[in-house]
Amino acid sequence: MNKAPVMKAAPRPPIDQAPHAPVAVVAAIKALHRGEASEHQQQLALEWIVREAGGKAHFPYQANDRDTAFALGRLFVADLIVGCFNADLSSLRRDHADPT
């Protein structure tokens, strides 16, 4: 009799430790900071910032309220960045136009 494979959740990094950043990601973030990142590096850096540093890749609720609050704070920053990705620039310009 064949058993169905058991699905396991991906290990969640400790909330009080910085997420692992591969060398390519660190190089991409450094290039982004210098204003010299290629298109691929820009995408790689922002994907890592949102998913790993911002916590979008992990469920935010933790074993205690302090750690949950910390994870939700990181997630809030990631959501702000994603909100900028999805922003309608024409409506933002209209809403923030100088009334004079």
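The largest cavity of this predicted model holds about 140 Å³ of space. Fifteen residues, given as 15 in the count, line this cavity, and those closest to its centre are Ile15, Gly55, His58, Gln62 and Arg74. By residue class, the lining of the largest cavity divides into seven nonpolar, five polar and three charged residues. When the whole structure is searched, one cavity of 30 Å³ or more is found.

A second topic is the aromatic rings. A pair of aromatic rings is described by the distance of the centres and the angle of the planes. In this model the count comes to one aromatic pair. The pair consists of Phe59 and Tyr61, whose ring centres lie 5.3 Å apart.

| Residue | Relative accessible area | Class |
|---|---|---|
| Phe59 | 59% | exposed |
| Tyr61 | 45% | partly exposed |

Phe59 counts as exposed because its relative accessibility of 59% is over the cut-off of 50%. Tyr61, at 45%, is partly exposed, because its value lies between the limits of 20% and 50%.

The confidence of the prediction can also be described. For the protein chain the mean pLDDT is 90, and 93% of the residues reach 70 or more. Among the elements of the chain, helix α1 (residues 23-34) has the highest mean pLDDT, at 98. The lowest mean, 83, belongs to helix α4 (residues 89-95).

Key: Residues are numbered from 1 along each chain as its sequence is written. This is a predicted model: local features need pLDDT of at least 70, side-chain atom pairs count only at pLDDT 80 or more; totals for chains, interfaces and linings use all residues. Side-chain values use heavy atoms; hydrogens and water are left out. On a 1 Å grid over the protein atoms alone, a cavity is a set of points where a 1.4 Å probe fits but cannot get out, and a pocket is an open set with protein on both sides within 12 Å along at least five of seven lines; lining residues have an atom within 4 Å of a point. Grid points are joined across faces, edges and corners, and a volume is the space filled by probe spheres set on the points. Ala, Val, Leu, Ile, Met, Phe, Trp, Tyr, Cys and Pro count as nonpolar, Asp, Glu, Lys and Arg as charged, and the others, Gly among them, as polar. Rings of Phe, Tyr and Trp (its six-membered ring) pair if their centres lie within 6.5 Å; planes under 30 degrees apart count as stacked, over 60 as edge-to-face and the rest as tilted. Buried means under 20% relative accessible area, exposed over 50%, partly exposed in between (1.4 Å probe, protein chains only). pLDDT is the predictor's confidence in each residue, from 0 to 100. Helices (H or I, at least four residues) and strands (E, at least two) are DSSP runs, numbered from the N terminus.
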